[in-house]
Amino acid sequence: MLLLSIETSGLNCSVALSKDNHILAEKSENTGKFTHSENLHLFIEAVMQQASLPLTALDAIAVSAGAGSYTGLRIGIATAKGLCFALEKPLIAIPTLQILAHQAQADCIIAMLDARRMEVYSAVFNSQYEFVTPTEAKILDEHSYQEELNKGKVTFLGDGSNKFAAICKHPNAVFIPNAFPQAKDMLPFAIAKYNAQNFEDIAYFEPTYLK
């Protein structure tokens, strides 16, 4: 299976091309501001050229489904839909926090994206990157996630976790700094959905904005 993955839920603009379980090419950039409208199509062209493959060779296109930035998600999903329509390929949507969680290896993982002030988009995952709690908008305080922390080590990651690191004093809290969703981490989830023929309706699919 030849898969193009697109991740634009935050400031990171990220594209990956994979064949089965292997990444053939990837390109990401995080300049601290939104450059998706200028760079996304260029990045897609770059990974296809690096692999010497045409877009018509793709079997499917995967996109980060949110939560995240309205601007980033809108650009990424509009691009993915356009390619799916033009190429007549299926669309696969992967929850953004699940993509982020894949960068950690732990029994309990909490992925967090900054939602401004002391609010984050967050979800709890187990060691298999399965949702333990659904994606939610959560206002953080020093008592957040006490139930999980009292059970054992908890790994927090994502730009939203920086806020929690500043107020969380629990000894079981482990933080992975400077983590952000990347297209290459979409691969295992996209493969599972492709094999299950779990595709989105291209015309009606909408991202998870939360707010």
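**Salt bridges, fold and a helix**

Reply: Glu-147 is exposed, and Lys-151 is exposed too. Exposed means over 50% relative accessible area, buried under 20%, and partly exposed in between (1.4 Å probe, protein chains only). This is a predicted model: local features need pLDDT of at least 70, side-chain atom pairs count only at pLDDT 80 or more, and totals for chains, interfaces and linings use all residues. Residues are numbered from 1 along each chain as its sequence is written, and side-chain values use heavy atoms, with hydrogens and water left out.

Me: What does Glu-147 form with Lys-151?

Reply: A salt bridge, with the closest N and O atoms 3.8 Å apart. The term means a side-chain nitrogen of Lys or Arg within 4 Å of a carboxyl oxygen of Asp or Glu. Both residues lie in helix α4 (residues 146-151), four residues apart, about one turn of the helix. Helices (H or I, at least four residues) and strands (E, at least two) are DSSP runs, numbered from the N terminus.

Me: How many salt bridges does the count come to?

Reply: Two. Lys-163 also forms a salt bridge with Asp-114, the closest N and O atoms being 2.4 Å apart. That pair links distant parts of the chain: Lys-163 is in helix α5 (residues 161-167) and Asp-114 in strand β6 (residues 108-114), 49 residues apart.

Me: Is Lys-163 buried or exposed?

Reply: Buried, at 14% relative accessible area. Asp-114 counts as partly exposed, at 38%.

Me: New topic. How many helices and strands does the protein have?

Reply: Six helices and 10 strands. The radius of gyration is 17 Å, close to the 17 Å that the globule rule gives for 211 residues, so the protein is as compact as a globular protein of that length. The radius is taken over C-alpha atoms, and the rule is 2.2 Å times the number of residues to the power 0.38. Buried residues make up 51% of the 211.

Me: On to α1. Which of its residues are buried?

Reply: His-36, Asn-39, Leu-40, Phe-43, Ile-44, Val-47 and Met-48. They cover an arc of only 165° around the axis, which puts them on the same side of α1. The arc is that of the directions from the helix axis to the C-beta atoms.

Me: What do those buried residues pack against?

Reply: β1 (2-7), β2 (13-19), β3 (22-29) and α2 (70-87).

Me: And just after α1, which residue takes a positive phi?

Reply: Ser-52, at about 55°.

Definitions and conventions:
Contact = heavy atoms within 4.5 Å.
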